[in-house]
Amino acid sequence: MKSAVEQKILALNGDEAVAYAVKQSDVDVVAAYPITPQTIIVERFSEYVANGEVETAFVCTESEHSALTACLAASLAGARTFTASASAGLALMHEILFVTSGCRAPVVMAIANRALSAPINIHGDQSDTMAQRDSGWIQIYAENAQEVYDSIIQAFRIAEHPDVLLPTIVGLDGFTLSHSVENVNALPDEEVKKFVGTRRFPNALTHEGKTAPLKLDPDYPMTLGPLAFPNYYFEFKRQQEEAMKNALSVIKQVHDEYARISGRRYGDGLLEPYKLEDAEIAIVCVGSTAGTVKTVIDDLRTEGVKAGLLRIRTFRPLPVQGIREALEHVKAVAVMDRSMSFGGQGGAVFHEVRHALYDSSKHPLTVNYIYGLGGRDTSPSQIREIYTDLQEIVKKNRVEEPVKYVGLRE
Amino acid sequence: MTEVVEQHPFAKYLREAMMPHIWCTGCGNGIILNAFVHALDELQIDLDKLVVVSGIGCIGRTAGYTNVDSFHTTHGRPIAFATGVKLANPELEVVVISGDGDLFAIGGNHFIHAARRNIGIKVICANNFNYGMTGGQFGPTTPLKASTPTTPYGNIEHPFNLVHLAAASGATYVARWTTLHVRMLTASIKKLLQRKGFSFIEVVSQCPEIFGRRNKMRTALEMMEWFKKAAVIANFSDPAKAEITPEKIVVGEFLDLEKPTFEELLREKMNEISKENGE
Ligand SMILES: Cc1ncc(C[n+]2csc(CCOP(=O)(O)OP(=O)(O)O)c2C)c(N)n1
Ligand SMILES: [Mg+2]
């Protein structure tokens, strides 16, 4: 695909790509607390603030709980708002994650995915965001620094879309993406500014019977986040689910519109298949590991093995139908999880992919691989072994061990 | 006559397997750990009755380096953890050694409430004026005007006066020293270990690599020159006036008093209730 505008190639690591995208996205308020491997995002951004390159109010809070609370408040007052965190920082935000989605505040947050304590570990895995999958936030995971940049810009449009109004997380694998420098094509400032536009607000009826934009505004007083007991609470939650459904098409639209400017596509914005149409065996994964899987597929294809990949880019909302249609024809599917759901027989991604396949009349055989916890490296040869396992499974037409562990000492 | 010793006399206090430590050349944390170990040795503290708790940060590694029962909590929670240990077994000596960010930013709430209750835990804060471990961002003790990665034009937030905060919150032993005052610091740690109630020592510590070099004090020596020039010992002076500025660092003991500890009052209350119930 050709780009409609001229782009600058910058050498950025994933964190810097986030900061650069935020700088271009006309953000009003950033509040954050430092944590490895997110720190570079906020440091770079604070340089932009200090240099007068952005008109953003930048607040260094005393914890992540306060950081997200400040973002929530700013967002409800009508500001475009961004924060970033990881691991324990995201866990500490847990309470406010639900308040943010429940208030329909379109905060955008980058998470440099990192393991959770204990034992203490600062390295990459996806336990932090997977543990928050039911918090009502949209979750998009990037494969490389370029996609990190693109996804952050898209995230503002998705989150703030009046049919959506949901906070959005963009996940980038800790260190693998956050700290590795890559070439990133950056759009011109004006293009991004035009693309993200200004925030639009749906109208709401105030307690005084006036119609006013849904935000805190002294001219149209309203209370946000009040009590809703058994008489109303349930309806609020149902509306959040409706917004998630709307997000499925909005994410695709925003992705398409962005692709027309940038020339870059990631599947349909929800799912990215790779050599999947005629594949007999396939891997499903989330995040940067997809890059490794693709190179292994290229090798296998030259050997005549019909291997493919489905990368889940948007994990919340889950594109259930898309997953089913993409994988139905495959004989055996290996789902890779970089986090655990203890006692749940496999990881979160495995559960959800199996769930999506249940309604298919053709049930591909499915097997789960837990990998890379606490930053353990996953090599191309280990990915190759997964495909070899899948060939065995197809041959036997049976999965003997539903949950396996990659590169684990046992 | 010389005596050949196979092992450093203090080796038993440290975990050799954890060495080398992660601290930068010139960091003050080693001095603090050294003073702590000296105090333990001089008092011949029973190591089986000692628990060291740290939060996350450079100084937080102390929990892993001291060869006693220890726990490395999540960021900001060492005092909450220590509270649990002390209540479960009041016979234990529970010492929290952690950073200014850990104890006063993300974990600030725990500090004021532990002091208010006068629970008998001992807190030593390595105040290096910044979040060292994450790259030197400003925090709640960063002096006004100081330059950090998140305050490139100088800090505009007023810092805490930690000794004032501790005293006002209800601590019963409060002192501040710098890493230059090694003898006084060690003597103070000995007192802290002998007191019953909530006790607190702030150690103003040099961080040349992360903080000093952005503030015209590139080496440990330059930072300690500042401590030497600016430090004024004012024992039992008003902690509210114990400032830390480029010109003046007020150090000394500020408070040393006794009042019933939380665990004593708890035991008393429990005895009273059991008596009423005729048990
Ligand atoms: C919940 C959470 N937020 C953020 C962090 C990242 N973090 C690790 S250490 C630290 C600051 C440490 O500063 P301080 O307590 O002053 O200790 P120092 O490193 O200066 O000794 C931060 C913010 C974390 N580990 N957990
Ligand atoms: Mg510190």
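Here are legends for a few close-up views of this predicted model.

**View 1. Where chain A meets chain B.** Let's start at the contact between the two chains. On one side sit 14 residues of chain A, and on the other 17 residues of chain B. If you want a landmark on the chain A side, look for helix 2 (residues 39-50), which gives the most to this side, with 5 residues.

**View 2. B:Pro152, a residue that touches both chains.** Now pick out B:Pro152 in the loop that runs between strand 4 (122-127) and helix 6 (162-169) of chain B. Leaving aside residues up to four places away in sequence, B:Pro152 touches A:Glu47 and A:Ala50, along with B:Ser147 from its own chain. Is B:Pro152 buried, exposed or partly exposed? It has 14 C-beta neighbours inside 10 Å, so B:Pro152 counts as partly exposed.

**View 3. The surroundings of ligand 1.** Here we move to the ligand, which has 24 residues around it. The closest are B:Gly57, B:His75, B:Gly99, B:Gly101 and B:Gly132. Why is the site described as shared between chains? Because the residues that surround ligand 1 come from chains A and B. Two elements give two or more residues to this shell: helix 4 (87-92) of chain A and helix 4 (100-106) of chain B. Sorted by type, the shell around ligand 1 holds 11 nonpolar, 10 polar and 3 charged residues.

**View 4. The two domains of chain A.** The last view stays inside chain A. Its domain assignment gives domain 1, made of 8-201 + 242-262, and domain 2, made of 271-405. Taken over C-alpha atoms, the centres of these two domains of chain A are 27 Å apart. Where they touch, domain 1 puts in 26 residues and domain 2 puts in 19. To find your way along the domain 1 side, follow helix 6 (127-130), strand 6 (138-141), strand 7 (168-173) and helix 9 (233-262), the elements that give two or more residues each. Which of them gives the most? That would be helix 9 of chain A, with 5 residues. The domain 1 side of this contact divides into 12 nonpolar, 9 polar and 5 charged residues.

Key:
Residues are numbered from 1 along each chain as its sequence is written. Chains are lettered from A and ligands numbered from 1 in the order in which they are written. This is a predicted model: local features need pLDDT of at least 70, side-chain atom pairs count only at pLDDT 80 or more; totals for chains, interfaces and linings use all residues. Two residues are in contact if their C-beta atoms, placed from the backbone, lie within 7 Å. Helices (H or I, at least four residues) and strands (E, at least two) are DSSP runs, numbered from the N terminus. A residue is near a molecule or strand if its C-beta atom, placed from the backbone, lies within 6 Å of it. Ala, Val, Leu, Ile, Met, Phe, Trp, Tyr, Cys and Pro count as nonpolar, Asp, Glu, Lys and Arg as charged, and the others, Gly among them, as polar. A residue is buried if 20 or more other C-beta atoms lie within 10 Å of its own, exposed if 12 or fewer, and partly exposed in between; C-beta atoms are placed from the backbone. Domain bounds come from an automatic or database domain assignment.
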